[in-house]
Amino acid sequence: MPLAIEARKLDIGYRGEHHDVKVLSGLDLEVEAGRLLCILGPSGCGKSTFLRVIADLLDPLDGKINVLGETPHAIRSRRDVGFVFQDAALLPWRTVRENVCLPLIVGQNSLTREVADKTDELLAMMGLAAFVDRYPHQLSGGQRQRVAIARALLGEPRVLLMDEPFGALDEITRDRLNDELLNLWRRTGTTILFVTHSIAEAVYLGEHVIVLAANPGRLVANTDLRPIKASGNRCSREDPAIIAKMAELRQALERAS
Ligand SMILES: Nc1ncnc2c1ncn2[C@@H]1O[C@H](COP(=O)(O)OP(=O)(O)O)[C@@H](O)[C@H]1O
Ligand SMILES: [Mg+2]
């Protein structure tokens, strides 16, 4: 199985004029293509910074990071990596359809038939067929996040980075979007790295869950959940094995904070 993400002795952080601020150090991580990995860790431990490095929005300080066997920079131009943020970050003066297809038509004058069709198809898949001509302020928070996901999927990314995408949503909406995301992942086979504050969400969604610690930032746990899940990464939130795993991860997270 080829690796989607490979980090070796990776140091990440921010370069300063006088000294660098190291956020995470010595990170060793392998994520096989097609996996769904959830990332837990206290606020400020470097979860977002790690995703930024994968997306080539930030250079690593030291060590190696490969995405689909290449450097983040090499992979970026091919739109193989999609990013969904906590805040959907939609353009308020653009319709839902325009928000989704804008990244693909920037630099071109017009929308091709092909892109328009694919945009509408993705929006239909996300349950937004009736909303394509609406503006972001006319949508609920959950609908806006669906638009952001559709936008990230338009380039058919092989790796999808999701940074607390459902963190601002109510629990019912979040649970529903979790199931939609799982269906989407099963259909597309996209590798997903999903950052969340919610232990329950991490255990429900992830095939693997890693826990990062702060001060100093490092990887402290890497759990494979596949042995306690059914095929297709299916599980029940009430399954005692799932609940036990949540308790175990809560302890790891408490130690990490
Ligand atoms: N642009 C930046 N310059 C310097 N330090 C930053 C910058 N962005 C974030 N940081 C610091 O890096 C650390 C990790 O941030 P972040 O990756 O956003 O954490 P998390 O997503 O886990 O909450 C924090 O201490 C934060 O203050
Ligand atoms: Mg963050």
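This is a predicted model: local features need pLDDT of at least 70, side-chain atom pairs count only at pLDDT 80 or more; totals for chains, interfaces and linings use all residues.
Local features need pLDDT of at least 70 and side-chain atom pairs count only at pLDDT 80 or more, while totals for chains, interfaces and linings use all residues. Residues are numbered from 1 along each chain as its sequence is written, and side-chain values use heavy atoms, without hydrogens and water.

**View 1. Residues around ligand 1.** Around ligand 1 (a heavy atom within 4 Å) are residues including Tyr 14, Val 23, Pro 42, Lys 47 and Arg 52. Polar contacts here are pairs of N or O atoms within 3.5 Å. A polar side-chain atom of Tyr 14 is 3.3 Å from a nitrogen atom of the ligand. Gly 46 has a backbone N or O atom 3.0 Å from a ligand oxygen atom. For Lys 47, a polar backbone atom lies 2.8 Å from an oxygen atom of ligand 1.

**View 2. Helices H3 and H4.** Helices are DSSP runs (H or I, at least four residues), numbered from the N terminus. H3 (residues 96–105) packs on H4 (residues 113–125) at about 130°, with the axes 10 Å apart.

**View 3. Helices H5 and H6.** The axes of H5 (residues 141–153) and H6 (residues 171–188) come within 11 Å and cross at roughly 20°. These helices are therefore roughly parallel. Gly 142, Arg 146 and Leu 153 in H5 meet H6 residues including Thr 173 and Glu 180.

Notes
Chains are lettered from A and ligands numbered from 1 in the order in which they are written. Axes are lines fitted to C-alpha atoms, for helices over the stretch in contact, and angles run from 0 to 180 degrees between N-to-C directions. Helices (H or I, at least four residues) and strands (E, at least two) are DSSP runs, numbered from the N terminus. A polar contact is a pair of N or O atoms within 3.5 Å; within protein, one must be able to donate a hydrogen and the other to accept it, and residues adjacent in sequence count only if both atoms are side-chain atoms. Angles under 35 degrees count as roughly parallel, over 145 as roughly antiparallel, 65 to 115 as roughly perpendicular and the rest as oblique. Contact means heavy atoms within 4.5 Å.
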